[in-house]
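Could you walk me through this structure in plain terms? I'd like to go loop by loop and then on to the sheet and the helices.

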Amino acid sequence: MSSLKPAYLVCGDDDAKIDAWRARVRRRAEEERGPGGLETFEAGSSEPDEVALSLAALTFDPGTRYVLVDDAGAWKASQLGPLEAVLANMPPESVLVLVVRGKALKQLCKAVEKAGGEVREYAAPKPWELPKWTSERGRELGVEVDGEAAKQLVALVGAGQQRISRELEKLALAVHPRTHVNSADVDLLAARDASPQAYDLADALVAGDLRMTFALAEQLEAHGERPGRLIFPLVRRLREVHRAATLLDSGMPDAKVGEALRAPPWLAKKTVARAKKADRAALERAICVFADLEVDLRGGGSLALDEDTAFSLALARSTG
């Protein structure tokens, strides 16, 4: 995206590549314009005329304006007129990104191309191509996944690209500082079902998302995870993000913060991104809440509640 077009239509069924595209757009917008620099619309709740009006609105901001529309495949051809009109005369210094999961309407493709934009279509790999895709995704995360390990991982976790990608992230973290993943690593470390992880729960806590926090906690419980086993990975993740937030607040550049974390590059970037949006006081409160809970569960406190209730209460106090 070094030389920007006025419009992009990103479509197809390769969710991993489309998600990576969206992430790059957001990162660029926030690097240039700061937090909230990307204007977003959901096509399910915003019709094309609303997006068109927003694009045509007069703005005195001298920088490049970035507008992203998710799920633009929800629009019908008969609704596209106002958007086509704006695309035919796009305001200067504006970039529109339309995301369509699946096949995009020909009418929308033509409108984007006529505006001088680009249509990027990403087809998901075929089942027999997934091991190769897995190895390529591993290299993007900084690890070499050999052919047998890639085949084994696909066999274990299924054909979902996002699921494979998530498992690769965990494997990269688990084998660090090694940069090679073999079949033994996959057999030992890869999950064999679709259960969520404590890492996911911790990130929901960091984000202050109470609904997602409790939804993940319920899923973990359904897969046999007990609160006592979750506390350590939860607190470790909270401390990682808190440390990154503290370093950022001190004025340390993002790259230096990533180095100070001594984590794989992909994880350091994710942690820094979380830290930028996190509330340090809330993180400190959550760490203290779970430290107290750990003492109580080990019999060193005055716990008057059962383990599950105490854990649920700690989650609520941490996100409240």
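Proline 177 sits in the loop that links helix 7 (161-175) to strand 7 (180-181). Helices here are DSSP runs of H or I with at least four residues, strands are E runs of at least two, and both are numbered from the N terminus. The peptide bond between histidine 176 and proline 177 is cis, with omega at about 15°. Keep in mind that this is a predicted model, in which local features need pLDDT of at least 70, side-chain atom pairs count only at pLDDT 80 or more, and totals for chains, interfaces and linings use all residues. Residues are numbered from 1 along each chain as its sequence is written, and side-chain values use heavy atoms, with hydrogens and water left out.

Most residues other than glycine have a negative phi, and most peptide bonds are trans. Aspartate 71 is not a glycine, yet its phi is positive, about 60°. You'll find aspartate 71 in the loop between strand 3 (65-70) and helix 3 (81-87). Its relative accessibility is 37%, so aspartate 71 counts as partly exposed (buried is under 20% relative accessible area, exposed is over 50%, and partly exposed is in between, using a 1.4 Å probe and protein chains only). Further along, in the loop between helix 3 and strand 4 (94-101), comes glutamate 93. Glutamate 93 also has a positive phi, near 55°, and at 48% relative accessibility it counts as partly exposed.

Five strands form an open sheet in the order 2-3-4-1-5, with parallel pairing; two strands pair if DSSP finds at least two bridges between them. Strand 2 (38-42) and strand 5 (118-122) are the edges, each pairing on one side only. From one strand to the next, the twist averages 15°. Inside the sheet, strand 3 and strand 4 pair in the parallel sense over 5 bridges, and valine 67 stands opposite leucine 96 in strand 4.

Which helices lie across these strands? Helix 1 (residues 15-33) lies across strand 1 (7-12), strand 2, strand 3, strand 4 and strand 5, and runs at about 160° to strand 4. Helix 4 (residues 106-114) lies across strand 1, strand 4 and strand 5, at about 150° to strand 1. Those angles run from 0 to 180 degrees between N-to-C directions, and the axes are lines fitted to C-alpha atoms, for helices over the stretch in contact.

Next, look at threonine 134 in helix 5 (residues 130-140). Threonine 134 has a relative accessible area of 0%, so it is buried. Leaving aside residues up to four places away in sequence, threonine 134 touches Ala150, Leu153, Val154, Ile164 and Leu168, where contact means heavy atoms within 4.5 Å. The C-alpha atoms of threonine 134 and isoleucine 164 are 7.2 Å apart, although the two residues are separated by 30 residues along the chain.

Finally, there's a helix pair. The axes of helix 9 (residues 198-206) and helix 10 (residues 210-222) come within 8 Å and cross at roughly 165°. Helix 9 and helix 10 are therefore roughly antiparallel (under 35 degrees is roughly parallel, over 145 roughly antiparallel, 65 to 115 roughly perpendicular, and the rest oblique). Helix 9 makes the contact with Ala198, Asp200, Leu201, Ala204 and Leu205, and helix 10 with Met212, Thr213, Leu216, Ala217 and Leu220.
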